[in-house]
Amino acid sequence: MICGLLGEKLGHSYSPMIHSYFGDYEYNLYERSADQLAKFFATTKFRGINVTMPFKKAVIPYCTRLSASAEKLGSVNTIVRQTNGDLVGHNTDYFGFLSMLKKSGFQAAGKKALVLGSGGAGITAAAVLDELGADAVIISRSGDNNYQNLDKHHDAALIVNATPVGMYPNNGASPINLDPFLHLECVLDLIYNPARTKLLLDAEARGIACQNGLWMLISQARQAAELFMGEPIGEQLVADIYQKLSSQCENMVLIGMPGAGKSTIGKLLAQKLNKPFIDTDAQIEALANKSIAEIFSQDGEEMFRALESQVLADLCKCSGHVIATGGGCITKAENFTYLHQNSKIYWLQRDSEKIPLEGRPLFKKYSIDELYEARFPLYRQFADCVVLNDGTPEEAVEKIISLEVTT
Ligand code: NAP
């Protein structure tokens, strides 16, 4: 059975991985421009395809008929070929968003919900919210409700981002400032890369319940796979795929004092898990074209920290890497945002007597105890979990892997 995904740019699609868990069918990526659609439908022998940006409307003329939800929303994200050759267009994003909302626990009935963006996903999210009895308002750059008169809607209980603002590679951008929204109960972002957009990081910092779009992505794929195969798929499989994909995509970041073993353990961990390894100090040296010791002695610590933040802002957009950081990366608050957006952060702790002082510029200025005392609360703020490096590097690697499984 041949299935696949049709869209204009598909470079970072998670769909082939997701569908490989759902069924034993071929899943191809069909990257096409708008003027190639007619030829695609005339010549491609598929059983079912998913459709993504920007073709969810453009494929409608190629469908023999539409399901009720695709008809209502004017948007098709799944097409299934019937035995008589008819092409039926469906909208599984509706089910995907409904499932995401259910997972978030937000009770929509009677509450105001703002949906940012009037594209296919925004219209779908608003339709689901309306159906559940919410007062759903679409905020559009060119609509009556827009980003200039948002003050009318500061009583919203839910904000849903259905714009691409903040999506990889434009991490760090947010479509809206959450500060004036004092009644927010939940923030949902349909974006899933990065795992935590700026919007979600802001919500998290205020203690507001929030969720990214990965569950929706897997749930809409579940309904599409059911249509391709003609058989039901249980929700437990969605949960299992969500777990697998989240940990596959998450970076593993090692923080800790200079000499705590971050580079050695990071390299071993990456080898063991077959993930790419990045050492931020090596990246900083490449950027400055000099050694860390030279940066400290010639340009000073402040310049080193600025270069470090520049490197982190860029490289932490990646997914599925092991990243060893410099011991002082926790001294700049902005670095937390860069690291936390896509990573689990492991604090490697090592007995100060075992830390080698040789070749570490900061130990010329501060004693190890002074440095540790100043940094301890910062490591604690950054870390998701603590790993004691009190044995061999291989033992520390095993501890990290066991934490991966249990947390
Ligand atoms: P779309 O049809 O292109 O619509 C996106 C809408 O966002 C546009 O219509 C526009 O609305 C608004 N927008 C675009 N650029 C903007 C900017 N620079 N600033 C502010 N608003 C902007 O795309 P879509 O299919 O609805 O997808 C929207 C987002 O949802 C994408 O990030 C997509 O990856 C995500 N998505 C996720 C899932 C999932 O399963 N998790 C499923 C579908 C979509 P206005 O012109 O009205 O402002």
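Strand 12 (residues 251-255) pairs with strand 14 (residues 322-324) in the parallel sense over three bridges; helices and strands are DSSP runs numbered from the N terminus, with at least four residues (H or I) for a helix and at least two (E) for a strand, and two strands pair if DSSP finds at least two bridges between them. The model is predicted, so that local features need pLDDT of at least 70 and side-chain atom pairs count only at pLDDT 80 or more, whereas totals for chains, interfaces and linings use all residues. Residues are numbered from 1 along each chain as its sequence is written, and side-chain values use heavy atoms, with hydrogens and water left out.

Strand 12 is mostly covered, with five of its five residues buried; buried means under 20% relative accessible area, exposed over 50% and partly exposed in between, for a 1.4 Å probe and protein chains only. In a regular strand the side chains alternate between the two faces of the sheet. Asn251, Val253 and Ile255 are buried on one side of strand 12, and Met252 and Leu254 are buried on the other.

Ile255 is also touched by alanine 383, as are Ile345 and Trp347, not counting residues up to four places away in sequence; contact means heavy atoms within 4.5 Å. Alanine 383 lies in the loop between helix 14 (368-382) and strand 16 (385-388). The C-alpha atoms of alanine 383 and lysine 332 are 14 Å apart in space, while the two residues are 51 residues apart in sequence.

Helix 6 (residues 198-205) has Leu199, Leu200, Leu201 and Ala203 as its buried residues. These pack against strand 9 (158-161), strand 10 (186-189), strand 11 (209-211) and helix 13 (333-340). Just after helix 6, glycine 207 takes a positive phi of about 75 degrees.

Helix 1 (residues 15-22) packs with helix 8 (residues 235-249) at an angle of about 140 degrees, their axes being 11 Å apart. Helix 1 is therefore oblique to helix 8; angles under 35 degrees count as roughly parallel, over 145 as roughly antiparallel, 65 to 115 as roughly perpendicular and the rest as oblique. Met17, Ile18, Tyr21 and Phe22 of helix 1 make the contact with Leu237, Val238, Ile241, Lys244, Leu245 and Gln248 of helix 8.

Methods. Axes fitted to C-alpha atoms, helices over the stretch in contact; angles between N-to-C directions.
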